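Please look over the sequence and the structure shown below.

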Amino acid sequence: MGLQHHIIIIGGGLAGLTGAIHLSRAGLPVTLIEKNRFPKHKVCGEYISNEVLPYLQWLGADPAELGPADISRLLLSAANGKTLTASLPLGGFGISRYAMDAFLLNKALAAGVRLVTDTVTAVYYEDNRFTVETQEHGSFEGTVALGAYGKRSMLDQRLSRDFLQQRAPWLAVKGHYEGDFPDDLVALHNFPGGYCGVSKIETGHLNICYLVSTDSFRQYGDIQQHREEVMYRNIHLREIFSYSRALFEQPLTISQICFDEKTKVEQHMLMTGDTAGLIHPLCGNGMAMAIDSARMAAEGVLRFCRETDYSRRQLEDDYSKRWERVFGRRMKTGRLLNNLFLKDRLSTWLVQQMASFPAVLPFIIRQTHGRPLKVMNT
């Protein structure tokens, strides 16, 4: 391994920054290209499962430095307000993307990562090397490229990714609020056509982020009207919004969210985080999965750079298989839960049944979460 290898990471979110730290600490030159300037608020549930804590600590990026909310309980409500609570087997922490991304960026820069603030316009692979073109800084060449640019991008169109042919029928809305809420709780409140997550972050404020079907939302004039006429049918959401003060001038929104399967390797580029696949937010594990996928990619890339008999074909096949082995069941469970909980009567019945069998909810949580990560000696 040496300077003949150069790693280019496209996207500076959780997966991109984590992968950059891992690879740079191992001695590889890494260029991270991110179109936005740090720090920046993002539409995100802002809850991370503790399963990734050992890995973050191993990277020298322990989020305890930021004083995150320590979360150990889940409250689930059906659209009619019926509730169910359970302990989270591993627990988790609440941290804003504004703080977490900036924190990881500082760790990446300290590890020697080169940051380029620019938009990637195209990626080409030829003669066992990548050429990554940007709007303002010209082109960059590397032996490995990782895609970590999020849910949906113009680059996906340039790469002609198959998932773009599928309908993207979801809209997400997020804001920070000042209000009373238990420090140790993450709540998931269902409403007709969607569901809403609520938990505290490192500032003590509430992060409220919800997903709604675009068809359902379009029946109403704007976010406030939809909130009052649809979301407030769940008494818990009515109370939370009524007694909380918004800290953003306007909520953040993103549209065209797609949960269909995505390829894990595209034109020899390894995809990580939401670029590789997006789990339904009700599973509460998207941030941890992004971090873990970056770990998998980094471990594979290090082997490729160190072992001359480990081919690119093997790297790509191994990464794809490992991703499916670790996350495939979680993704299927997420799609199933989404379909069940978006049906009001069925979700109410499910909550009532789970209340009669307390072991069911912890079992479901385990199906969408992993075990504490064990880091390979890299």
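Helices (H or I, at least four residues) and strands (E, at least two) are DSSP runs, numbered from the N terminus. The model is a predicted one, in which local features need pLDDT of at least 70 and side-chain atom pairs count only at pLDDT 80 or more, while totals for chains, interfaces and linings use all residues. Residues are numbered from 1 along each chain as its sequence is written, and side-chain values use heavy atoms, with hydrogens and water left out.

We begin with the loops. Ser160 sits in the loop between helix H4 (154-158) and strand E11 (170-178). Its phi is near 55°, a positive value in a residue other than glycine. Relative accessible area (1.4 Å probe, protein chains only) sorts residues into buried, under 20%, exposed, over 50%, and partly exposed in between. Ser160 is exposed because its relative accessible area is 56%. Gln267 is not a glycine either, and its phi is positive, about 50°. Gln267 belongs to the loop between strand E17 (265-266) and strand E18 (269-271). With a relative accessibility of 42%, Gln267 is partly exposed.

Another loop, between strand E2 (30-34) and strand E3 (47-49), holds Pro39. The peptide bond that joins Phe38 and Pro39 is cis, with omega about -15°. As background, most residues other than glycine have a negative phi, and most peptide bonds are trans.

Next comes the interior. A nonpolar core is a set of buried Ala, Val, Leu, Ile, Met, Phe, Trp, Tyr and Cys residues joined through side-chain atoms within 4.5 Å. The largest such core has 99 residues, and those with the most contacts inside it are Ile7, Ile10, Leu23 and Val301. Helix H8 (residues 286-306) gives the most to this core, namely 13 residues. Apart from this core lies another, of 23 residues, including Tyr177, Leu185, Val198 and Val212.

What does Leu23 touch, not counting residues up to four places away in sequence? Its partners are Ile7, Leu28, Val30, Leu146, Ala298, Val301 and Leu302, where contact means heavy atoms within 4.5 Å. Leu302 is part of helix H8, and it counts as buried because its relative accessibility is 1%. Although 279 residues separate Leu302 and Leu23 along the chain, their C-alpha atoms are 7.3 Å apart.

Leu53 is placed in helix H2 (residues 53-58). Leaving out residues up to four places away in sequence, Leu53 touches Asp62, Pro63 and Phe93. The C-alpha atoms of Leu53 and Ala64, eleven residues apart along the chain, are separated by 9.5 Å.

Now the cysteines. A disulfide is a pair of cysteine sulfur atoms within 2.5 Å, and by this rule the count is zero. For Cys44, the nearest cysteine sulfur is that of Cys209, 6.9 Å away. Cys44 is buried, at 10% relative accessibility. Cys305 is also buried, at 5%.

The last topic is a helix pair. Two packed helices are described by the angle between their axes and the distance between the axes. Helix H9 (residues 312-341) packs against helix H11 (residues 360-368) at an angle of about 130°, with the axes 7 Å apart. Here axes are lines fitted to C-alpha atoms, for helices over the stretch in contact, and angles run from 0 to 180 degrees between N-to-C directions. H9 is therefore oblique to H11; angles under 35 degrees count as roughly parallel, over 145 as roughly antiparallel, 65 to 115 as roughly perpendicular and the rest as oblique. H9 contributes Arg329, Arg330, Thr333 and Leu337 to the contact, and H11 contributes Ile364, Arg366, Gln367 and Thr368.
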